[in-house]
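I opened this model to look up its fold, its core and a few helix contacts. My entries follow in the order I made them.

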Amino acid sequence: MRLGVALLGLLLGSALVSSGLAAQVRHGGLVVSYVDARDAEQLAAVFRAWDAAAGDLRRLGLPVPARVRIEAALNAAGFAQRTGEAAGIAAITRGATISTQRLGALAARGTLPVTIRHEAFHTAQPPGLPRWLAEGLARTFSGEGSRDPAGVTGLETLSESALSAALAGRQPARLTQAYVEATRRAAAKLRVGGWKGVFRNAGK
């Protein structure tokens, strides 16, 4: 019986990939679509990460959109083609739509839960946040900042607007350092005013 189910899943998965069709699964207000049938194995982890993130966002006073869509690409090339971003970017959020790399690929890197949390923050972040602050807060919220290397980034003297430009430019040579620098600056603001204080003062 198990062999038959596994064989059926393999055949369905092959048909799904070859046809380019996306499967869709709804979890409350979240819809996840994916092309590689193997990504179904990651749905439980996606839902756990999303539910935890949504709860934490609400506790911070941030309204989570009633409907959010996660669209997982078939592969890195497909992600780049769909989003216009570099193939090495894990995910990008535009409005209430989150485009990600293949879920299985993120899971293999050990970054699936933090990627979901990071992008969940972007769906709910207050309007008007400068890019550097939005990214720094998202990485703090997701826990990515705790994995950052110690030492100088080399970007400590950049103005906030220049740091935002460095993040937007996606230059591989210093993108990692820009994310680390943004996270450190966001963390410094959080230590002074807390999350609500940062949100309150962000537009000033």
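I count a contact when heavy atoms lie within 4.5 Å. The model is predicted, so I note that local features need pLDDT of at least 70, side-chain atom pairs count only at pLDDT 80 or more, and totals for chains, interfaces and linings use all residues. Residues are numbered from 1 along each chain as its sequence is written, and side-chain values use heavy atoms, with hydrogens and water left out.

Entry: I started at alanine 202, in the segment after H8. Helices (H or I, at least four residues) and strands (E, at least two) are DSSP runs, numbered from the N terminus. What does alanine 202 contact, leaving aside neighbours within four places in sequence? I found Leu129, Pro130 and Leu133. Leucine 133 is 69 residues from alanine 202 in sequence, and their C-alpha atoms are 8.5 Å apart.

**Entry: overall layout.** I listed eight helices and five strands. From the N terminus, their order is α-β-β-α-β-α-β-β-α-α-α-α-α. Of the contacts with a separation of 6 or more, 61% join residues 24 or more positions apart. Of the 204 residues, 44% are buried. Buried means under 20% relative accessible area, exposed over 50%, and partly exposed in between (1.4 Å probe, protein chains only).

**Entry: the core.** I then took the largest nonpolar core, which has 49 residues. Such a core is a set of buried Ala, Val, Leu, Ile, Met, Phe, Trp, Tyr and Cys residues joined through side-chain atoms within 4.5 Å. Val46, Trp50 and Leu137 have the most contacts inside this core. Elements giving two or more residues to the core include strand E2 (30–34), helix H2 (43–59) and helix H8 (172–201). I checked tryptophan 50 beyond four places in sequence: it touches Leu30, Val64, Val68, Ile98, Ile116, Ala120 and Thr123.

**Entry: H5 against H6.** These helices pack at about 135°, with axes 8 Å apart. Axes are lines fitted to C-alpha atoms, for helices over the stretch in contact, and angles run from 0 to 180 degrees between N-to-C directions. H5 is therefore oblique to H6. Under 35 degrees counts as roughly parallel, over 145 as roughly antiparallel, 65 to 115 as roughly perpendicular, and the rest as oblique. H5 passes H6 in a right-handed crossing. Right-handed means that the near helix is turned clockwise from the far one by less than a right angle, left-handed anticlockwise.

I looked at histidine 118, in H5. Is histidine 118 buried or exposed? It counts as buried, at 7% relative accessibility. Beyond four places in sequence, histidine 118 touches Glu135, Ala138, Arg139, Ser142 and Glu144.

**Entry: H7 against H8.** H7 and H8 also gave an angle of about 135°, with axes 9 Å apart. They are therefore oblique to each other. H7 passes H8 in a left-handed crossing. From H7, the contact uses Glu160, Leu163, Ala166 and Leu167, while the H8 side includes Arg174, Leu175 and Ala178.

Valine 180 is also in H8. I found valine 180 buried, with a relative accessible area of 4%. Leaving aside neighbours within four places, valine 180 contacts Arg139, Asp148, Pro149 and Thr153. Its C-alpha atom is 9.7 Å from that of arginine 147, 33 residues away along the chain.

**Entry: the ends of H3.** At the start of H3 (residues 76–83), a side-chain oxygen of asparagine 75 comes within 3.3 Å of the backbone nitrogen of alanine 77.

Note on methods: Polar contact = N/O pair within 3.5 Å; in protein donor to acceptor, adjacent residues only side chain to side chain.
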